[in-house]
Amino acid sequence: MSLRTLRFLALFLCLSSAHCVWAATPDPVRFGVMIEAGDLDAAQQWLDEGLDPNFEADRIGSGLMIGAWEGNIPMMELFVRHGADVNYVSVRGEQALMHAAWKGRAEAIEWLLAHGATINRSGPEWSALHYAVFAGHEQLSRLLVDRGADINARSPNGSSVLMMAAREGHQSLARLLLERGADPDATNEHGDDALDWALRRGHVRIAQELSTKERFAEVAREVVHAPPPVYSEPAPRPLTELVDALRRARAEGRSTAEVLHRYEATLKAFAEQPVAPAETPAALEITGRRNAPGQERARLLYEKHQQWKREHGRQ
């Protein structure tokens with residue numbers, strides 16, 4: 001989550017008055033806070049009063065999705081008993097099964113599948129397997145594959161599940177996907193494949209398993225001269241904690257002014273911090289022995305590494 005996103009979320013929480021009024025039907029913020037906290041009594045009351053069982057919170061999604069995210073089976077059971085759709089797609093294009101996969105909630109995955117959740121999406125969409133692999137949940141990924149997850153599922157921009165493993169450096173997951181039939185040559189709408197993503201992130205061992213030596217060397221040369229990749233980093237913890245504090249204050253009808261003041265000060269402090277320069281591949285180094293074919297090793301050398309060598313008199 002970027003600082004810009006966090007700023008928007010904080011302002012969204014405070015667009016109305018500094019206080020909120022408790023109501024029989026919750027606003028999305030109050031609903032999300034209470035369901036994330038596992039308040040079954042509040043959920044039961046809202047549903048008994050006629051709340052749409054697929055009502056969405058300000059984040060994560062519906063009550064069932066929040067239950068899957070938290071691994072809260074009783075919460076999931078409650079919403080399904082009142083008519084929640086286990087395959088409901090949120091405004092963000094996500095489903096409960098995907099949230100459980102992202103958080104590594106194996107019991108929630110099993111429960112959802114037993115209650116009719118569809119393991120694959122129709123057309124190019126993010127899937128539960130995409131999320132499980134991206135998060136590095138190997139056993140859960142194996143479970144999804146064993147239960148019929150499409151090993152070559154494609155996201156809206158065409159990115160494959162194998163590309164997720166390559167990007168995040170999950171070598172054992174990449175190997176599992178290849179063994180189960182993942183296509184290493186699948187490309188997204190930008191023409192990138194898993195090998196491209198592995199090398200751009202410096203995951204050389206994965207890259208070697210994804211290609212021939214010739215293809216590896218070809219892509220490595222391209223990566224050396226390519227601009228540095230742009231990474232998405234988690235928001236700093238102090239900011240996310242203050243966003244949670246804003247949501248709680250809004251949900252409980254308390255003033256948000258003091259928390260918002262601290263949030264803006266913290267956001268400004270982070271924004272003024274110097275940003276470390278990105279590491280850009282500077283060279284491809286391949287080593288081997290004359291009489292030992294197949295034992296070559298390769299690595300990408302980065303600008304910071306090269307600068308360190310120069311500063312320390314290494315060539």
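Asp58 and Arg247 are both buried, where buried means under 20% relative accessible area, exposed means over 50%, and partly exposed is in between (1.4 Å probe, protein chains only). Their side chains meet in a salt bridge, with 2.8 Å from N to O. By salt bridge I mean a side-chain nitrogen of Lys or Arg within 4 Å of a carboxyl oxygen of Asp or Glu. Side chains of opposite charge can pair when their charged atoms come close.

Before we go on, a word about what you are looking at. This is a predicted model, where local features need pLDDT of at least 70 and side-chain atom pairs count only at pLDDT 80 or more, while totals for chains, interfaces and linings use all residues. Residues are numbered from 1 along each chain as its sequence is written, and side-chain values use heavy atoms, with hydrogens and water left out.

Now, where do the two partners sit? Asp58 is in the loop between helix 3 and helix 4, and Arg247 is in helix 15 (residues 237-252), so this pair ties together parts that are 189 residues apart in sequence. When I say helix, I mean a DSSP run of H or I with at least four residues; strands are runs of E with at least two, and both are numbered from the N terminus.

Next, please find Arg59. Arg59 forms a salt bridge with Glu36, and the closest N and O atoms are 3.0 Å apart. Here too, distant parts of the chain are linked: Arg59 belongs to the loop between helix 3 (40-48) and helix 4 (63-70), Glu36 belongs to helix 2, and they are 23 residues apart. Is Arg59 buried or partly exposed? Arg59 counts as partly exposed, at 24% relative accessibility, whereas Glu36 is buried at 19%.

Let's stay with helix 2 for a moment. Helix 2 covers residues 28-36, and eight of its nine residues are buried. Among them are Phe31, Met34 and Glu36. After the helix comes Gly38, with a positive phi near 80 degrees.

Glu110 is in helix 7 (residues 106-114), while Arg147 is in the loop between helix 9 (138-146) and helix 10 (161-168), 37 residues away. Glu110 is partly exposed at 34%, and Arg147 is partly exposed at 41%.

Finally, back to the earlier pairs. Salt bridges with shared partners join Glu36, Asp58, Arg59, Asp244 and Arg247 into one network. And how many salt bridges are there by this rule? The count comes to 17.
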